[in-house]
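This report describes selected helix contacts and ligand surroundings. Please consult the sequence and the model shown here alongside the text.

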Amino acid sequence: MEPALWTAVDAYLADRLLPSDPALDAALAANAAAGLPAIDVSATQGKLLNLLARLHGAKTILEVGTLGGYSTICLARALPPVGRLLTLELDPKHAEVARANVDRAGIGDKVEIRVGPASETLKSLEDPYDMVFVDADKPSNPTYWREALRLTKKGSLIIVDNVVRNGGVIDNLEDPGVQGVRQMMDLIATESRIEATAVQTVGAKGYDGFLVALVV
Ligand code: SAH
Ligand code: DHB
Ligand code: MG
């Protein structure tokens, strides 16, 4: 394990591949100033989310877990002018910081932030979404997975962050977050409507992984 090297390589990749991004830099600065935890997706991961949304042609995106809106900005930028993103956040302070960040990024008119426990908000939703990004409290992943399936249709894309957790997914079975990931994986394993993979990642945010699932 060489986390310092992973971070340095991420910096190199960002330097070559990602244009300077004042709106994302400002969002991270505002998050830090407000005392939010630095658990946003990394710059290279955020760009991957942006590219996946564009490849997919997503017009409607549902995000579970807003924090300061870093991933929200990455995803909302992928939307066409008519596109809409709904993001769900428990903590009103996080939502307030995110509101300012998305507005500053110039995509605020496409983004709705709904405050409350995501499991409750999800229950109230009906419309199918083209893409769902799940990145909130990990013990609730089975619930978020079921709701993501209910709120998508054939051809929709579902992405779940943090499915490896430093390898904990196979050796830290006491951890409630790991249990949530594993229960979700069990649901996917027996779900005929889903074609999925997961890819392990290392980088500035450590050793983790993304699940990518297509509703078929
Ligand atoms: N997607 C963000 C990071 C999200 S961090 C990014 O990459 O920029 C996880 C977020 O989920 C935190 O802001 C936390 O407050 C929120 N959260 C935790 N429990 C929640 C719940 N029950 N409902 C909705 N959001 C929740
Ligand atoms: C945590 C949550 C995340 O979404 C993440 O990307 C990293 C860590 C956490 O709760 O510790
Ligand atoms: Mg995450």
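## Helix 2 and helix 5

In this predicted model, helix 2 and helix 5 cross in a right-handed manner (a crossing is right-handed if the near helix is turned clockwise from the far one by less than a right angle, and left-handed if anticlockwise). The contact involves Ala 26, Ala 27, Ala 30 and Asn 31 of helix 2, together with Val 97, Asn 101 and Arg 104 of helix 5; contact means heavy atoms within 4.5 Å. Sorted by class, these comprise 4 nonpolar, 2 polar and 1 charged residues (Ala, Val, Leu, Ile, Met, Phe, Trp, Tyr, Cys and Pro count as nonpolar, Asp, Glu, Lys and Arg as charged, and the others, Gly among them, as polar).

The axes of helix 2 (residues 22-33) and helix 5 (residues 92-104) come within 9 Å and cross at roughly 160°. Axes are lines fitted to C-alpha atoms over the stretch in contact, with angles from 0 to 180 degrees between N-to-C directions; helices are DSSP runs (H or I, at least four residues) numbered from the N terminus. The two helices are therefore roughly antiparallel, a term for angles over 145 degrees.

## Helix 7 and helix 9

Helix 7 (residues 141-150) packs against helix 9 (residues 176-189) at about 35°, the axes being 7 Å apart. From helix 7, Asn 141, Pro 142, Trp 145 and Arg 146 meet Gly 180, Val 181, Gln 183, Met 184, Leu 187 and Ile 188 of helix 9. This contact has 6 nonpolar, 3 polar and 1 charged residues.

## Ligand surroundings

Ligand 1 is surrounded by 20 residues, of which Gly 65, Ser 71, Glu 89, His 94 and Asp 135 are the closest (a surrounding residue has a heavy atom within 4 Å). A nitrogen atom of ligand 1 lies 2.9 Å from a polar backbone atom of Ala 118, and a side-chain N or O atom of Asp 137 is 3.2 Å from a ligand nitrogen atom.

Around ligand 2 are Ile 39, Asp 135, Lys 138, Asp 161, Asn 162 and Arg 165. An oxygen atom of ligand 2 is 3.0 Å from a side-chain N or O atom of Lys 138.

## Basis of the model

Residues are numbered from 1 along each chain as its sequence is written, while chains are lettered from A and ligands numbered from 1 in the order in which they are written. Local features need pLDDT of at least 70, side-chain atom pairs count only at pLDDT 80 or more, and totals for chains, interfaces and linings use all residues; side-chain values use heavy atoms, leaving out hydrogens and water.

Definitions and conventions. Angles under 35 degrees count as roughly parallel, over 145 as roughly antiparallel, 65 to 115 as roughly perpendicular and the rest as oblique. A polar contact is a pair of N or O atoms within 3.5 Å; within protein, one must be able to donate a hydrogen and the other to accept it, and residues adjacent in sequence count only if both atoms are side-chain atoms.
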